[in-house]
Amino acid sequence: MPGKNGDQFKAGDLVFAKMKGFPHWPARVDSGFKKRIPVYFFGTHQMYVQLTFCVTPNKNIVPYLGNKMKYGSGVRIRGFVEGMWEIQNTPGIGTKLKPPQRRRMR
């Protein structure tokens, strides 16, 4: 998982990604380029390539874990609720990547 110093995201990371005119949206990072991050948006099933720079942290893409309460509620746009359900229940949808394994709490 990337830190606050502009670390790179890796393919399969679950994130909230923001596009102009829309709120932060549940998404998954796909494989891409060094200075670009392609993301797959849950709910709408669209792909988008987000520009990022290694020196400055990008506020348009944030990790899903730790930001779910901040960005994951209160949005009433079509597809958002479906996207939140997909990121929680079927994070591997639309990809050949293996979904992350959940650890069982004992």
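**Grounds for the assignments**

Me: What makes the contact of D13 and K10 a salt bridge?

Reply: In this predicted model, the side chains of D13 and K10 approach to 3.3 Å, N to O. The cut-off for a side-chain nitrogen of Lys or Arg and a carboxyl oxygen of Asp or Glu is 4 Å, so the contact qualifies.

Me: Why is D13 called buried?

Reply: D13 has a relative accessible area of 6%. Buried means under 20%, and D13 is therefore classed as buried.

Me: How many salt bridges are found in the whole structure, and what makes R28 and D30 one of them?

Reply: The search finds two. For R28 and D30, the closest N and O atoms are 3.4 Å apart, which is within 4 Å, so a salt bridge is assigned. Both R28 and D30 are buried.

Me: Why is the pair of F16 and Y64 called tilted?

Reply: The structure holds five aromatic pairs. In the pair of F16 and Y64, the ring centres are 5.5 Å apart and the planes stand at 35°. F16 lies in strand β1 and Y64 in the loop between β5 and α1, 48 residues apart. Both F16 and Y64 are buried, and together with Y71 they form one aromatic cluster.

Me: How do you know that F41 is buried or exposed, and what is the class of Y48?

Reply: F41 has a relative accessibility of 5%, under the 20% limit, so F41 is buried. Y48 has a relative accessible area of 32%, which lies between 20% and 50%, so Y48 is partly exposed.

Me: How do you know on which side of α2 its buried residues lie?

Reply: The buried residues of α2 are F80, G83, M84, E86 and I87. They cover an arc of only 165° around the axis, and therefore lie on the same side of α2. These buried residues pack against β1, β2 and α1 (68–71), whereas the face turned away from them carries the exposed residues V81 and W85.

Me: Which residues have the most contacts inside the largest nonpolar core?

Reply: They are V15, V39 and I61, in a core of 21 residues. Strands β1 (14–17), β2 (25–29), β3 (36–41) and β5 (61–63), and also α2 (80–89), each supply at least two residues of this core. Leaving aside neighbours within four places in sequence, V39 is in contact with residues including V15, A17, A27 and I61.

Methods
Residues are numbered from 1 along each chain as its sequence is written. This is a predicted model: local features need pLDDT of at least 70, side-chain atom pairs count only at pLDDT 80 or more; totals for chains, interfaces and linings use all residues. Side-chain values use heavy atoms; hydrogens and water are left out. A nonpolar core is a set of buried Ala, Val, Leu, Ile, Met, Phe, Trp, Tyr and Cys residues joined through side-chain atoms within 4.5 Å. Buried means under 20% relative accessible area, exposed over 50%, partly exposed in between (1.4 Å probe, protein chains only). Helices (H or I, at least four residues) and strands (E, at least two) are DSSP runs, numbered from the N terminus. Contact means heavy atoms within 4.5 Å. The arc is that of the directions from the helix axis to the C-beta atoms. Rings of Phe, Tyr and Trp (its six-membered ring) pair if their centres lie within 6.5 Å; planes under 30 degrees apart count as stacked, over 60 as edge-to-face and the rest as tilted.
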